[in-house]
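Please read the points below alongside the sequence and the model.

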Amino acid sequence: MSLLDDIRAEARLAPDSGISSIIDYGRGRPGLIPMWAGEGDQATPEFITAAAVAGLEAGETFYTWQRGMPDLRRALADYHSRHFGRSASAEEFLVTGSGMHAIQLALQATAGAGDEAVYLSPAWPNFAAAAGVMGTRPVPVELTFSERGWTLDIERLDAAITPRTRVLFVNSPSNPTGWTADRETLAAILALARRHGLWIIADEIYALFHYRGGRAASFLDVMEPDDRIIFVNSFSKNWAMTGWRVGWLRVHPSLQQMFENLIQYSNSGVPQFLQRGALAALDQGDAFVAGQVERAGAARDLVCRILGATNRVKLSPPAGAFYLFFAIDGLPDARAAAAEIVDKANVGLAPGTAFGAGGDGYLRLCFHRRLDQVEEAAERLAGWIGGR
Ligand SMILES: Cc1ncc(COP(=O)(O)O)c(C=O)c1O
């Protein structure tokens, strides 16, 4: 018997990330344009890093507030009030060690072994895998693709709910599909959750990356204060901070102490000097985010135009997030295609198979890069598609 055989099955059977596998395959190839990971090409801006360095140099190297610094929680409330048009209080926020950590805590709080967590698929794989590690069964509900984009059939969602379901995980705008729920859809999901007594874990980390004017619709637009909704969020995407591992939770104030306890027993708080950088991001970073969103919108248009012109691609310009999830005619095996695209076009894409049910045959391209590189990558891809 190997050591691994003696490990808890839920941990032993946690799947490898299909995104990492293709990155490992193509890493370091000269001239490759990497569009496989869920991040932009820019390093964190200086006004954020300088604040973190100042904190570090000032000796902010001790254990710190488990919920997050009061200033940072106040800044989170201000950020939400500014962008979501509904006043928020610091008592609703806790700082976490990434969006992923926020998701883990939300799961720990709501679902356990033998429970079920329903999510919409294709999906960023980490939610389902994290649920699985806890012994909670992840249950995918497939979105449907048409020229109008990806849509949710609310009756299909309803049909997936069983007496064991505890949680609905809703990621809008979605990684990888760009599916972005409108207010009516969010209201319908909320009505369903209320009817069945379910928790919603709302992942709206891409809310500002929205290409149809203003931010994307949010559960905040349709909920009552005491609805069972836990918002998970992150500094990663808005402010080019993926490597920092800082995120936040927005919850009803009555859940503060319970979540503080879960933070204590997981990462025991986020380093204070990192929180200084996060504070600068919130207080001074609106213009930076607006610039990022504008550039991503232009990149989206460019890549859709160039790939669309091949007439061999199934795509719909995503309403939100910064990914194009598309299929190429006659290419059913996305994993082999992603490897071939690395070899022949020198572009790195993630295979749709990495995103679970409904992802077969698709590829995910992250277009959050310099426009000249996006154009170059799209031209290379179009050339490769045309030459097949
Ligand atoms: C939908 C979604 N939620 C959460 C995250 C987690 O973000 P992080 O752990 O970097 O804060 C990601 C990252 O790709 C994501 O795409």
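1. Contact between the domains. In this predicted model, 38 residues of domain 1 are in contact with 38 residues of domain 2, contact being defined as heavy atoms within 4.5 Å. The domain assignment, which is automatic or from a database, gives domain 1 as 4–44 + 287–386 and domain 2 as 64–273. Taken over C-alpha atoms, the centres of domain 1 and domain 2 are separated by 24 Å.

2. Basis of the values. The model is predicted, with local features requiring pLDDT of at least 70 and side-chain atom pairs counting only at pLDDT 80 or more, while totals for chains, interfaces and linings use all residues. Residues are numbered from 1 along each chain as its sequence is written, and side-chain values use heavy atoms, with hydrogens and water left out.

3. Buried area. About 2,900 Å² is buried between domain 1 and domain 2, 63% of it on carbon and sulfur atoms; this is the accessible area (1.4 Å probe) that two parts lose on being put together, summed over both. Within domain 1, the most area is lost to domain 2 by Thr 44, Val 289 and Ala 319, together 18% of what that side buries.

4. Secondary structure. On the side of domain 1 that touches domain 2, α11 (286–308), β12 (323–328) and β15 (362–366) each supply at least two residues. α11 gives the most to that side, with seven residues. Helices (H or I, at least four residues) and strands (E, at least two) are DSSP runs, numbered from the N terminus.
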